[in-house]
Amino acid sequence: MTSGRLAGKVAIVCGAGSVGPGWGNGRATAVRFAQEGARVLAADIDAGRLEETVRRAREAGGDVEALLRSRQARIPLGFMGDGTDTANAILFLASDEARFITGTEIVVDGGMTVRCG
Ligand SMILES: NC(=O)c1ccc[n+]([C@@H]2O[C@H](COP(=O)([O-])OP(=O)(O)OC[C@H]3O[C@@H](n4cnc5c(N)ncnc54)[C@H](O)[C@@H]3O)[C@@H](O)[C@H]2O)c1
């Protein structure tokens, strides 16, 4: 249940996750604004941290739409990649299987370049 004090307002919170196990400024702000009834657009570079913020905001009765969700919907493969996907591409380029590949690039973006480009 929200207080409704910020109903009709929109809060955009960047860095809405938290590096540590606690709250962090962004997470605390996002959850607090959601608690007060604002529509919170939360963004973070780390999907897991952002999901935790969204979970806590919903637990507190807020209505959070993570920017991540709308961004995910625009990615042709339907999900956010992470550092592992980039590392796997690098591993391939460094491997014997890629011995005849040079002077080119591999785009690791879930198809965004093809979609937007
Ligand atoms: N915690 C404190 O007591 C304190 C005091 C003074 C200043 N600060 C400053 O406030 C800021 C936040 O610190 P904190 O401890 O509250 O948060 P934190 O470091 O726990 O979390 C910051 C969040 O920002 C995200 N992030 C980093 N780069 C990003 C980017 N480019 N786009 C989107 N998200 C991004 C991270 O993934 C992380 O979830 C830092 O600059 C810190 O130096 C913190």
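Q: How do the residues of the shell around the ligand divide into nonpolar, polar and charged?

A: In this predicted model, the shell holds four nonpolar, seven polar and three charged residues, where Ala, Val, Leu, Ile, Met, Phe, Trp, Tyr, Cys and Pro count as nonpolar, Asp, Glu, Lys and Arg as charged, and the others, Gly among them, as polar. Local features need pLDDT of at least 70, side-chain atom pairs count only at pLDDT 80 or more, and totals for chains, interfaces and linings use all residues. Residues are numbered from 1 along each chain as its sequence is written.

Q: Which of the 14 residues around the ligand come nearest?

A: They are Gly15, Gly17, Val19, Gly24 and Asn25; a residue is near a molecule if its C-beta atom, placed from the backbone, lies within 6 Å of it.

Q: Why does Phe92 count as exposed?

A: A residue is exposed if 12 or fewer other C-beta atoms, placed from the backbone, lie within 10 Å of its own, buried if there are 20 or more, and partly exposed in between. Phe92 has 12 such neighbours, and therefore counts as exposed.

Q: What is Phe92 in contact with, leaving aside its neighbours within four places in sequence?

A: Phe92 is in contact with Glu97 and Ala98, contact being C-beta atoms, placed from the backbone, within 7 Å.

Q: What makes up the largest nonpolar core?

A: This core has 12 residues, among them Val13, Phe33 and Leu50, and a nonpolar core is a set of buried Ala, Val, Leu, Ile, Met, Phe, Trp, Tyr and Cys residues joined through C-beta atoms within 7 Å. The largest share, four residues, comes from H1, a helix being a DSSP run (H or I) of at least four residues, numbered from the N terminus.

Methods
Contact = placed C-beta atoms within 7 Å. Helix = DSSP H or I, 4+ residues; strand = E, 2+ residues; numbered from the N terminus.
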